[in-house]
Amino acid sequence: MPTREEMEKVMEWCEQQKQKRRLVSFVERNELRESQPWTYRFPLIEVDRPLESANRSSLVYDSTTRTLYQHYMGEWRKIEPDLEIRIK
């Protein structure tokens with residue numbers, strides 16, 4: 001799974017697109033596939049779309065909770081960042 005910083009970059013991009021387009025919800029082609037390799041398997045990014053109507057192969061961003069979701073094993077799951085373990 002992605003790190004917290006990688007997830008923040010994707011969420012920032014979604015927020016920028018939302019400001020640009022000024023729509024309540026929308027579907028955007030995933031332009032981050034090259035810069036964020038962990039998003040490569042998602043052809044589309046859906047911003048503020050209800051999970052019930054979102055495409056199962058898309059990455060879904062909920063701006064009210066600043067959460068990313070993916071469809072995995074028959075259900076929508078929140079994407080959590082990798083844990084960083086530091087040993088001193």
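**View 1. The buried side of helix H1 in the predicted model.** Met7, Val10, Met11, Trp13, Cys14 and Gln17 are the buried residues of H1. These residues lie on the same side of H1, because the arc they cover around the axis is only 155 degrees. Their packing partners are strand E1 (26-29), strand E2 (44-47), E3 and E4. Gln19 and Lys20, on the other side of H1, are exposed.

**View 2. Length of helix H1 and the residue that follows.** Helix H1 runs over residues 4-21, which makes 18 residues. With 1.5 Å a residue the helix should span 26 Å, and the end C-alpha atoms are 26 Å apart, so the two values agree.

**View 3. The hairpin of strands E3 and E4.** E3 covers residues 59-62 and E4 covers residues 67-72. The two strands pair in the antiparallel sense, with three bridges. Opposite Tyr61 stands Leu68 in E4. Four residues lie between the strands, and Arg66 in the turn takes a positive phi of about 50 degrees.

**View 4. The hairpin of strands E4 and E5.** E4 also pairs with strand E5 (residues 75-78), in the antiparallel sense and over four bridges. Lys78 in E5 is the residue opposite Tyr69. Two residues separate the strands in this hairpin, and Met73 has a positive phi near 55 degrees.

**View 5. Arg33 and the ring of Tyr40.** Arg33 is placed over the face of Tyr40, 4.3 Å from the ring centre. Ring-to-ring pairs are a separate matter: with ring centres required to lie within 6.5 Å, the count of aromatic pairs is zero.

View 6. Asp82 belongs to the segment after E5. Its relative accessibility is 39%, so Asp82 counts as partly exposed; the class lies between the limits of 20% for buried and 50% for exposed.

Terms used:
Residues are numbered from 1 along each chain as its sequence is written. This is a predicted model: local features need pLDDT of at least 70, side-chain atom pairs count only at pLDDT 80 or more; totals for chains, interfaces and linings use all residues. Side-chain values use heavy atoms; hydrogens and water are left out. Rings of Phe, Tyr and Trp (its six-membered ring) pair if their centres lie within 6.5 Å; planes under 30 degrees apart count as stacked, over 60 as edge-to-face and the rest as tilted. A charge sits over a ring if NZ of Lys or CZ of Arg is within 6 Å of the ring centre and within 35 degrees of the ring normal. Two strands pair if DSSP finds at least two bridges between them. The expected span of a helix is 1.5 Å times one less than its number of residues. Buried means under 20% relative accessible area, exposed over 50%, partly exposed in between (1.4 Å probe, protein chains only). The arc is that of the directions from the helix axis to the C-beta atoms. Contact means heavy atoms within 4.5 Å.
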